[in-house]
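Trainee: Could we go through this protein together, with a question and an answer at each step?

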Amino acid sequence: EDMIHDAQMDYYGIRLATCSSDRSVKVFDIRNGTQKLVADLKGHEGPVWQVAWAHPMFGTVLASCSYDRKVILWKETDGVWSKLEEFKNHDSSVNSICWAPHEFGLMLACGSSDGAVSIVSTSGDGSWESQKINNAHTIGCNAVSWAPAQTKTAAEISSEDPKALKRFVTGGCDNLVKIWKFSEAESKWVEEHKLEAHSDWVRDVAWAPSPGLEAQSTIASCSQDRRVILWTSTNLTSWNFQVLSTFDDVIWHVSWSVT
């Protein structure tokens, strides 16, 4: 009934979730070239900015974030949708959500206008824990995207620690793109890199879904400065950037194909 802010297909491409300024999250069955509304989820008290499907190994789970400062997890069981969990970890609008690679379990990163990023996770016993990176971006965080689970430096590959390294990238109102890494030794998230090239707010970031040729990592970012920038690294210790294009107006979203 109002502006649609996001639309996301599920893992199998048979369901479409949308969210809107009308405070609702809608789920459509889109099999066989048809569309059928199967759920109209109410729970937010403000415009809903983004939706994100969890990996199907965790069941049918959908996350949504809103101007109302809440992140809600929805779950379908036997055709019935219900609220699985609700998080109120932020003091301002939650602008972006992104599920971690399934290798890390059910883990969700959330970026907020309060400048913080929260990471919520569960071990599967029904309880949830939350970690928070305060002041991740001055003024606010607009976007978050996870690195593939196999993204490691040469030193990390040769180390005896078998754990997959957790990394994600964020973009903010401070014109910066930042890469964060989880330090097992300190049991907290630490800033690994600060990438500077944009001259205005970074609206979105997207880490390419696979390392690609010669294990190159690639991140795309877009900004209020009308530019899309590609950041590349072959070792995760130094990053180069290339301006992909300068457009006629603000670029709000970037995404990669999965193949």
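**Salt bridges and the domain interface**

Mentor: Lys88 and Glu86 form a salt bridge, with their closest N and O atoms 3.6 Å apart; the term requires a side-chain nitrogen of Lys or Arg within 4 Å of a carboxyl oxygen of Asp or Glu. The model is predicted, so local features need pLDDT of at least 70 and side-chain atom pairs count only at pLDDT 80 or more, while totals for chains, interfaces and linings use all residues. Residues are numbered from 1 along each chain as its sequence is written, and side-chain values use heavy atoms, with hydrogens and water left out.

Trainee: Does Lys88 count as buried or exposed?

Mentor: The classes rest on relative accessible area with a 1.4 Å probe and protein chains only, where buried means under 20%, exposed over 50%, and partly exposed in between. Glu86, the partner of Lys88 in the salt bridge, is partly exposed at 25%. Lys88 has a relative accessibility of 62%, and therefore counts as exposed.

Trainee: Which residues are linked with Lys88 in a network of salt bridges?

Mentor: The rule gives a count of 14 salt bridges. Besides Lys88, the network of salt bridges links Glu45, Lys70, Lys83 and Glu86.

Trainee: Which strands hold Glu191 and Lys178?

Mentor: The side chains of Glu191 and Lys178 meet in a salt bridge at 3.4 Å, N to O, with Glu191 partly exposed at 37% relative accessibility and Lys178 buried at 7%. Strands are DSSP runs of E with at least two residues, numbered from the N terminus. The pair ties together parts that are 13 residues apart in sequence, because Glu191 lies in strand S16 (residues 188-196) and Lys178 in strand S15 (residues 176-183).

Trainee: How much area do domain 1 and domain 2 bury between them?

Mentor: The domain assignment, which is automatic or from a database, gives domain 1 (1-88) and domain 2 (93-258), and their centres, taken over C-alpha atoms, are 23 Å apart. Buried area is the accessible area (1.4 Å probe) that two parts lose on being put together, summed over both. Of the area between domain 1 and domain 2, 74% is on carbon and sulfur atoms, and the total is about 1500 Å².

Trainee: Which three residues supply 30% of the area that domain 1 buries against domain 2?

Mentor: With contact taken as heavy atoms within 4.5 Å, 22 residues of domain 1 are in contact with 13 residues of domain 2. The share of 30% in the area that domain 1 buries is more than any other three residues supply, and it belongs to Gln50, Phe58 and Phe87.

Trainee: How many residue pairs are in polar contact between domain 1 and domain 2?

Mentor: Across this interface of domain 1 and domain 2 the rule finds zero salt bridges. A polar contact is a pair of N or O atoms within 3.5 Å, where within protein one must be able to donate a hydrogen and the other to accept it, and residues adjacent in sequence count only if both atoms are side-chain atoms. With both residues at pLDDT 80 or more, the count between domain 1 and domain 2 is five.

Trainee: Which residue has its backbone nitrogen 3.0 Å from a polar atom of the side chain of Gln50?

Mentor: Gln50 lies in strand S5 and counts as buried, because its relative accessibility is 18%. Its side chain makes a polar contact with the side chain of Ser96 at 3.4 Å. The backbone nitrogen that lies 3.0 Å from a polar atom of the Gln50 side chain belongs to Ile97.

Technical notes: Helices (H or I, at least four residues) and strands (E, at least two) are DSSP runs, numbered from the N terminus.
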